[in-house]
Amino acid sequence: TERNRFYRTRLKNIVKAVRSAVEAGNKEEAEAAFKVANQQIHKFVSKGILKKETAARKVSRLHKAVNAI
């Protein structure tokens with residue numbers, strides 16, 4: 001539906017922001033983007049867009065990438 005498409009697109013853009021900051025090697029920007037991503041991903045769980053385990057996996061992988069810088 002239109003609502004789900006909005007949230008899926010928003011999620012992809014949030015993750016992309018963190019990934020691009022990590023690839024650029026910019027730790028401050030990556031940490032700031034991760035903070036936003038973490039909040040938004042958990043917000044999507046409460047709205048029923050993502051399952052809890054899926055959100056935890058996404059956050060974990062992003063956090064691991066940010067810490068690797």
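I began with Val-18: setting aside neighbours within four places in sequence, Val-18 is in contact with Ala-30, Ala-33, Phe-34, Ala-37, Leu-62 and Val-66. Contact here means heavy atoms within 4.5 Å.

A note on what I'm looking at: this is a predicted model, where local features need pLDDT of at least 70 and side-chain atom pairs count only at pLDDT 80 or more, while totals for chains, interfaces and linings use all residues. Residues are numbered from 1 along each chain as its sequence is written, and side-chain values use heavy atoms, with hydrogens and water left out.

**Val-18 and its helix**

Val-18 sits in helix α1. I looked up the naming: helices (H or I, at least four residues) and strands (E, at least two) are DSSP runs, numbered from the N terminus. Is Val-18 buried or exposed? Val-18 is buried, at a relative accessible area of 1%. The cut-offs are under 20% for buried, over 50% for exposed, and partly exposed in between (1.4 Å probe, protein chains only). I also checked Val-36, which is 18 residues from Val-18 along the chain, and their C-alpha atoms are separated by 9.2 Å.

Next I took α1 as a whole. It has 23 residues and reaches 33 Å from first C-alpha to last, close to the 33 Å expected at 1.5 Å a residue. That expected span is 1.5 Å times one less than the number of residues. Its buried residues are Tyr-7, Leu-11, Ile-14, Val-15, Val-18 and Ala-21.

**α1 against α2**

Helix α1 (residues 2-24) packs on helix α2 (residues 27-47) at an angle of about 155 degrees, with the axes 8 Å apart. Axes are lines fitted to C-alpha atoms, for helices over the stretch in contact, and angles run from 0 to 180 degrees between N-to-C directions. So α1 and α2 are roughly antiparallel. For that word I noted the scale: under 35 degrees is roughly parallel, over 145 roughly antiparallel, 65 to 115 roughly perpendicular, and the rest oblique. The residues of this contact divide into 13 nonpolar, one polar and four charged. Ala, Val, Leu, Ile, Met, Phe, Trp, Tyr, Cys and Pro count as nonpolar, Asp, Glu, Lys and Arg as charged, and the others, Gly among them, as polar.

I then looked at Gln-40, which is in α2. Gln-40 counts as buried at 18% relative accessibility. Which residues does Gln-40 touch, not counting those up to four places away in sequence? Gln-40 touches Arg-10 and Ile-14.

**The loop**

Gly-25 lies in the loop between α1 and α2. Just after α1, Gly-25 takes a positive phi of about 80 degrees. Gly-25 is partly exposed, at 42% relative accessible area.

**Bringing in α3**

The axes of α2 and α3 come within 10 Å and cross at roughly 175 degrees, so this pair is roughly antiparallel. By class, their contact has nine nonpolar, four polar and four charged residues.

What about α1 and α3, roughly parallel or roughly antiparallel? Their axes come within 9 Å and cross at roughly 20 degrees, so α1 and α3 are roughly parallel. Their contact divides into seven nonpolar, no polar and three charged residues.
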